[in-house]
Amino acid sequence: MKTQLSSKPGDQIVLAHGGGGQLTDELLRDIILPRLDEPPLETMLDSAILSPTGNDRLALTIDSYVVSPWKFPGGDIGRLAVCGSINDLAVVGARPVGLALSLVLTEGFEKSDLEHVMDSIEHAADEAGVNVVTGDTKVVGHDQGDGILITTSALGRISGSHTLNPDLVQPGDVLLINGPVGDHGLAVMMAREMPRMQTAVRSDVAPLNGLIEHLLDELGHAIVFMRDPTRSGLAGTLADLARSAALHIVIHESDIPVRPETRHAADLLGLDVLESANEGKFLMVVRPHAAGKALHLLHQHQLGQDAAIIGKVDDDESLAGVCELLTDIGGRRVLTKPYGEQLPRIC
Amino acid sequence: MNHRRIDLAQALEQLRQAAAALPAQLPTAVFMEVCGTHTMAAFRCGLHSLMPHNVSLLSGPGCPVCVTAQGDIDLLIELAADRPVTLCTYGDMMRVPGHHGSLEKVRGQGADVRIVYSATDAVRFATDHPDKQIVFAAIGFETTAPATAAAVKSAADLNLKNFSVLSLHKRVMPALTALLSGGSVKINGLMLPGHVAVITGWQHFAPLVDRFKIPCVVSGFEPVHMAASLATLAEMTLEQRADLVNLYPEAVTAEGNLVAQRLIDHVFQPCVVRWRGLCDIPDSGLELRPAFQSFDAMRRYALVRPADDENHACICGKVITGSAQPADCKLFANGCTPVHPLGPCMVSSEGTCAAWFKHRRNK
Amino acid sequence: MCLAVPARVISREGDTATVDLHGNRLNISVVLTPDAQVGDHVLLHAGFAIQRLDPRAAEQTFALLEEIDNASSSKPRQSESFPGASAALGSEGGAP
């Protein structure tokens, strides 16, 4: 089979365009966004905040799940599909109202596997306290798909006037993460690339809305921004935040929680835990006076037991827009958004 | 031979003291590491930000991706795109740009390209799929060559008919010798690749000291290893003493891994190879011996190596030999970025240009 | 190049062995280290053990790694009475 070599590099989609990194940003900027000229898209938050008439604002989000393999240590595509969209609502301060679920199955997919996925969806929805209120199912030919693809859209409601936005971030603000990073990305990578390996790494996929709602109730306006570091990892989220807030952020590497088994698995494959996806974590930016209380509240919750303060927003204008990592050995390096596809390496 | 417990703070302090005492005639002590993993490890821990101002650490031709000639990359792409094969490769090679596209791009166009963690995975795939033709892209230095040799030997023992190897393996010593003989690179000391030395042994590098009178340290990859190596290089520079010191004794011995060396010798023989930026260096590559030529993908597919056609503005060759810095390249951050790389130095996350782009551009 | 990590041999089956990397278990080739035994620490590269690590010197390497592991896994959670915030506001790291 002769593959037609493209004479113009860059005129076709590659896997990395879906990686959530710099290449995804490019695709959005060059092709997708220019054709969709709508205000909520400009801010590019995790969910769109709509302002219909009435007291509450609505939030709407949509995500597709194409993870391969569909099942991995710690979870599966069903759990991921529910939690991913619920978490996108939660980090903009919205409580979920309902979930829409679209399944695209490939001919030949085992019914027992579908049952497994639906069980996971049911359990995750229960955990999150949300209902799947509408859905659709399609089947495509066996060479047109990869087993199962899921799209979920979640609608949420934001009460009150609290806004979470990078514009509100100020020098002095403190950054927290609710637990160890890098688990999901590595669990999936190993399930896919090294299926014969018995790994101790498990995906952290979990619904965060209960925890976040509690924090918002207790801390109110002291929380200025939240984001879940999914594809492109904590590094990508921090690099984005520094850029959108146009401020200098300093993160302390030794304060970022990482599980030893995750760190060692990353070392084995030559990957960086900071560039590995998370599906049960969120970054929170709070006013300094509330940092201690935020940590206390996190520690009391099952999904925040290993929470930590990882850094602060600085006032150095010469480094505005840059997120620096103060390394374990006291050195400094700049955190940048990864390219978009994590590749294991041997060199 | 030093075998003392290395402490990071002590090593950094020693480095600072040695640097402070360096004579005025030597405004900057220039050391070179020749291992992409060293480049990566140094930037990850922010080592450069902790080094004294008058000590500089260059990245030499130690990133196998960076030193692979473009013509060789094009061979891999041609195999994957034009021949009915499954190309198995380490992840490192996926994004390297050839003349037209990369392995990543041809995979996107339907070529069967698979990332493997180990050469044995490629052999296993061939055993499990007798209907497919598997080609393994063998890159790396002496650290990785034994794995390929073991894979070829195992394929031979299994009498596999559907497995072959495209060997792009290279040897570090001939390149270092060519680099230092060339005279264009003025360095005060070498940080030698610890994992290559695991295989070759440290004695293998002794001729560098004897012939070029240059301080050399065999270094591990933890921050403390690298700091201690820099401190030792700085001290030897100060004392005007050229010696070879092994600071990775837990893994590196004088004679190295003899089993691995014998296996390399059993399967491969040295050959001339094109190093990007260093041109052709005799005995610096490894090709399959006649006894194993049935596993040579070059023969099996009658491949002809295309001429190199590198972008003339790209100075990757000078960058990896330390004769230029990334910022000296007209294309750096100006058409050549990690997202859209033009040369291997920007593709490889270990490449000097990519590392500069990520970590040093703002300073 | 090249990426290699230490791992502990937990079982040996002829030319292959099972190694442990802090809870991750992997089957690798030991053809390059035929003397590797259960309990040894080996240096792992691309699915092959390329060296048995010297037990005395392995202590040196592993002490390094255990420090990092202990630091990340069992260090006390940050105190909630706000020194976490002062740590974030305080040190600026080493300067040359």
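## Helix α8 of chain A

In α8(A), the buried residues are A:P260, A:E261, A:T262, A:R263, A:H264, A:A265, A:A266, A:L268 and A:L269. Buried means under 20% relative accessible area, exposed means over 50%, and partly exposed lies in between (1.4 Å probe, protein chains only). The helix covers residues 260-269 and is mostly covered, with 9 of its 10 residues buried. Just after α8(A), A:G270 has a positive phi of about 75°. Helices (H or I, at least four residues) and strands (E, at least two) are DSSP runs, numbered from the N terminus.

## Basis of the model

This is a predicted model: local features need pLDDT of at least 70, side-chain atom pairs count only at pLDDT 80 or more, and totals for chains, interfaces and linings use all residues. Residues are numbered from 1 along each chain as its sequence is written, chains are lettered from A and ligands numbered from 1 in the order in which they are written, and side-chain values use heavy atoms, with hydrogens and water left out.

## Helix α5 of chain A

Helix α5 of chain A spans residues 183-193. Because 8 of its 11 residues are buried, α5(A) is largely enclosed by the rest of the structure. The buried set is A:D183, A:H184, A:G185, A:L186, A:A187, A:V188, A:M189 and A:M190.

What do these residues pack against? The buried residues of α5(A) pack against β3 (71-72), α3 (77-90) and α8 of chain A. Contact here means heavy atoms within 4.5 Å.

## Strand pairing in chain A

Strand β2 (residues 57-65) of chain A pairs with β1 (residues 48-50). The two run antiparallel and are joined by 3 bridges. A:I49 stands opposite A:A59 in β2(A). Two strands pair if DSSP finds at least two bridges between them.

β2(A) also pairs with β7 (residues 148-158) of chain A. This pairing is antiparallel too, over 9 bridges. Here A:L60 has A:L155 in β7(A) as its bridge partner. In a regular strand the side chains alternate between the two faces of the sheet.

A:L58 also belongs to β2 of chain A. Its relative accessibility is 27%, so A:L58 counts as partly exposed. A:L58 and A:I158 are 100 residues apart along the chain, yet their C-alpha atoms are separated by 6.0 Å.

## Chain A as a whole

Chain A has 9 helices and 14 strands. Its radius of gyration is 20 Å, which agrees with the value near 20 Å for a compact globule of 347 residues. That radius is taken over C-alpha atoms, and the globule rule is 2.2 Å times the number of residues to the power 0.38. The C-alpha trace of chain A spans about 60 × 55 × 40 Å along its principal axes.

Of the 347 residues in chain A, 58% are buried. Take contacts in chain A between residues at least 6 apart in sequence: 84% of them join residues at least 24 apart. The accessible surface of chain A is about 14300 Å², with 49% belonging to carbon and sulfur atoms. Areas come from the Shrake-Rupley method with a 1.4 Å probe; for residues, only the protein chains shown count as cover.

Chain A carries 27 positive and 48 negative side chains. The centres of the two sets lie 2 Å apart. Lys and Arg count as positive, Asp and Glu as negative; His and the chain ends are not counted. Each charge is placed at NZ of Lys, CZ of Arg, CG of Asp or CD of Glu.

## Chain B as a whole

Chain B contains 16 helices and 11 strands. Its radius of gyration is 21 Å, close to the 21 Å from the globule rule for 363 residues, so chain B is as compact as a globular protein of that length. Its C-alpha trace spans about 65 × 45 × 35 Å along the principal axes.

Buried residues make up 63% of the 363 in chain B. Among contacts in chain B between residues at least 6 apart in sequence, 76% link residues at least 24 apart. Chain B exposes about 12900 Å², and carbon and sulfur atoms supply 51% of that area. Its 32 positive and 32 negative charges have mean positions 3 Å apart.

B:E78 sits in helix α4 (residues 70-82) of chain B. At 23% relative accessibility, B:E78 is partly exposed.

B:T68 lies in the loop between β2 (55-59) and α4 of chain B. Is B:T68 buried or exposed? At 1% relative accessibility, B:T68 counts as buried. Leaving aside neighbours within four places in sequence, B:T68 is in contact with B:I73, B:M93, B:L168, B:K170 and B:R276.
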